[in-house]
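The sequence and the three-dimensional model are shown first, and the description follows.

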Amino acid sequence: MLGGAGGVLLGMAAAGPAQAAEVSYATKCVPPAASGLDPVNGTTKVEITAPVTAKVGDEVDVVWKFTQAASKNPDLIDLPANSVQPSGVLKAGGAQSADIAMVGPRENPAIPKGGAMVLSDMKGKVKLTTAGDVTLTPDAYTINAFGTDTKCAPTETVQPSVTIKVTAGDGGSPTPTPTPTTSTSPSPSPTPTDSGSPSPSSTPSDGGQTDFTGKLVQVPYKCVTPIGDKEVTSPIQINAKKNGGSYDITVQFKGSVMDSPADLPADSVKPSMEVVLGGSDTGTVHVEGPANTEPIKTGDAMTISDMTGTYKPGATGESTLAPGVLTVNALGTTTTCTPTTTMVSLTLDTEEQASGASGGSSTSGGTTSGSGGTSTSGGLANTGAENNGALKALGLVAGTAVLLGVAVFTFMPGRRRLR
């Protein structure tokens, strides 16, 4: 998924006049795993803008402009305006080695099916630390669309685009170790956390603590949808508040917001989950989230509500809570997502309560026996390819609404059959 976009040249503070040069290189783009698509090969053409001369100690602006796309948007789905964001790495070489983080705004015109892909200019900063010739070479980049990432990387040695001639500063000596500075982080995705250790929650007796915050875990899921299986990863956090001998549980999805690919009426999307207990306790805790209260228009941001329930401990000791099976009911269809790995988010020091969990079952809002897994993350990103395969991911969105870091559910195919 490669694109061209018009660009502006940044003023180069404390540096010489700007220069710009284009370089092209073979590129392999890997669509998100949830799309099930093969990698795409194409050609990236990039124009890099940077100052001609600068001094040691200067922090200079650089611009990455995409000048040619590897392919057009296949005839599957229209991309709305301001739905695609690029980020990447520009390599500094020669007298100074550094990875310069580059990021562009989520700004693009509406791209019709079959239209040319358009990506915004990416910008970044680098602090020059060593006198000599510093070369700038484009490297890997990421395309974010509909909440998921397509990773693109060179498949050949890329030639430098421009060279900055760096001279020693006034009376200063070059810094031996390069320390690049970047304007922003290119990756919108949340930081994954290790599944191996539970969160270091304090016991309820520690200073009378009643609120317990779980750690954010990246949970891999396999979702069974009306149009087939999907494998996704979703960032989830479980928090608890002590309420007598029980705990009020809240499950939150921390994924980024995506735009709805179709109109969704109010009260049409409702999630629920079985939180898996471990450690001293066994069983599950049922949590539910409210349905959307307002209609969601095509292109509007989609979110998933917090899911809540009550955990009544069935054992005394250290009990863990992990995201479990997620169910999403939407427009008459059901999607079920099961984690492929147990990821503990919260650990509590619990005291056994009468009729508590410990493998037993109770009514909704309490605990039920069993184990489970969780949800998925949404959005199928757009890549480019001559064979149209690269954007099948977005084609799936035409028949699938992908919830914010939560689940994939089908609705459009049923409507087509009715017609």
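## A buried aspartate and its surroundings

D58 is located in the loop that runs between β3 (53–55) and β4. As in the rest of this report, the description rests on a predicted model. Although D58 is buried, it takes part in no salt bridge. The nearest side chain of opposite charge belongs to K55, and it is 7.0 Å away, whereas a salt bridge requires the two charged groups to lie within 4 Å. The side chain of D58 does, however, reach the backbone nitrogen of K55, at 2.8 Å.

In soluble globular proteins, nonpolar side chains tend to be buried together. The largest nonpolar core of this structure has 35 residues, and the members that touch the most others are W64, L90, I100, L136 and I164. Several strands contribute at least two residues each: β1 (18–30), β2 (40–51), β4 (59–68), β5 (84–94), β6 (98–103), β7 (122–127), β8 (132–145) and β10 (162–167). The most is given by β8, which supplies 5 residues.

## An aromatic cluster

The structure holds 5 aromatic pairs. A pair of aromatic rings is described by the distance of the centres and the angle of the planes. Two of the pairs are set out below.

| Pair | Centre to centre | Angle between planes | Arrangement |
|---|---|---|---|
| W64 and F66 | 5.7 Å | 45° | tilted |
| F66 and Y141 | 5.2 Å | 65° | edge-to-face |

The pair of F66 and Y141 counts as edge-to-face because its planes stand at 65°, and the limit for that class is over 60 degrees. This pair links distant parts of the chain, since F66 belongs to strand β4 and Y141 to strand β8, 75 residues apart. Together, W64, F66 and Y141 form one aromatic cluster.

How far are these rings covered? W64 has a relative accessible area of 0% and is therefore buried. F66 is buried as well, with a relative accessible area of 1%, and Y141 is likewise buried.

## A covered strand

With strand β19 (residues 307–311), β14 pairs in the antiparallel sense over 5 bridges. Within this region, I249 has G309 of β19 as its bridge partner. In a regular strand the side chains alternate between the two faces of the sheet.

## Two residues with positive phi

Most residues other than glycine have a negative phi. Which residues here have a positive value without being glycine? One of them is N82, whose phi is near 55°, and another is S355, with a phi of about 60°.

Both lie in loops. N82 is found between β4 and β5, while S355 is placed between β23 (346–350) and β24 (367–368). As to accessibility, N82 counts as partly exposed because its relative accessibility is 42%. S355 is exposed, with a relative accessible area of 67%.

Key. Residues are numbered from 1 along each chain as its sequence is written. This is a predicted model: local features need pLDDT of at least 70, side-chain atom pairs count only at pLDDT 80 or more; totals for chains, interfaces and linings use all residues. Side-chain values use heavy atoms; hydrogens and water are left out. A nonpolar core is a set of buried Ala, Val, Leu, Ile, Met, Phe, Trp, Tyr and Cys residues joined through side-chain atoms within 4.5 Å. Buried means under 20% relative accessible area, exposed over 50%, partly exposed in between (1.4 Å probe, protein chains only). Helices (H or I, at least four residues) and strands (E, at least two) are DSSP runs, numbered from the N terminus. Lys and Arg count as positive and Asp and Glu as negative; His and the chain ends are not counted. A polar contact is a pair of N or O atoms within 3.5 Å; within protein, one must be able to donate a hydrogen and the other to accept it, and residues adjacent in sequence count only if both atoms are side-chain atoms. Two strands pair if DSSP finds at least two bridges between them. Rings of Phe, Tyr and Trp (its six-membered ring) pair if their centres lie within 6.5 Å; planes under 30 degrees apart count as stacked, over 60 as edge-to-face and the rest as tilted.
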